[in-house]
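Dear colleague,

Here is the structure to be handed over. My notes follow below.

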Amino acid sequence: MEILTVAIPSGRLFEPSLRRLQAAGLARPVVPEDRSLLLSWPELRTRILVAKPVDLVTYVERGAADCGIVGKDILLEQDHEVYELLDLEFGRCRGVVAFPPELLPEWTRPTRVLRIATKYPRIAERFFWERGRAVDIIHLWGSVELAPRVGLSDGILDLVMTGRTLRANGLVEAEEVFTSTARLVVNRVALRTKADRIQELLERLRSGQSVFVEHP
């Protein structure tokens, strides 16, 4: 009996990822109190591995998981040898550059070296290099919106969904850098050795895509 191990991210994409797999008949409902990071349903020939988003693609690349669901933002930021098979079209958000209103004019001054705080240093480097802008990138793991308020940076490059957090921290969007949705990625070896299961997964996810409803 061939078990398919699917990695899903903890955090904001956990619930919609699990619901998507349930809709495809690849997972059972999970008790909210269940904190297990490894869920198994032998009757479905499926095992679910729950990983932090920044680690998830490593699990897939190294073969600890056959495939996984991860945000496009992670794929853009990290450099891993996995195949991206399907845009699952949920978890939509945008990566944007934002500044306090009084610093927004600096965005249009090409000679100004901008200090940008971000959780996405590689994306930021590419973005500003392509525009020929000198930039001092400050890599933070969280609370990026705080950086301009305390003088650590001029602006930020971060994910937004509604823009509410930007507004609450007195920031104004300057430009969109990328859009992100959940993607299905697969281990290169598993794509060959478990081709039938991967194909079954793809078909089930695609067939359920039109009826899947992402809850807020």
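The model contains an open sheet of 5 strands in the order β8-β7-β9-β6-β10, with mixed pairing. Strands pair if DSSP finds at least two bridges between them; helices (H or I, at least four residues) and strands (E, at least two) are DSSP runs, numbered from the N terminus. Because β8 (135-139) and β10 (172-180) stand at the edges with a single partner strand each, one side of each has no neighbour in the sheet. On average, neighbouring strands of this sheet are turned by 25 degrees against each other, direction ignored.

This is a predicted model, in which local features need pLDDT of at least 70 and side-chain atom pairs count only at pLDDT 80 or more, while totals for chains, interfaces and linings use all residues. Residues are numbered from 1 along each chain as its sequence is written, and side-chain values use heavy atoms, with hydrogens and water left out.

Strands β7 (residues 114-118) and β9 (residues 155-160) pair in the parallel sense over 3 bridges. Thr118 has Leu157 in β9 as its bridge partner. Helix α4 (residues 121-130) packs on the sheet and touches β6 (93-99), β7, β8, β9 and β10 (contact: heavy atoms within 4.5 Å). The direction of α4 makes about 170 degrees with that of β8 (axes are lines fitted to C-alpha atoms, for helices over the stretch in contact; angles run from 0 to 180 degrees between N-to-C directions).

After helix α2 comes Gly63, with a positive phi near 90 degrees.

Regards
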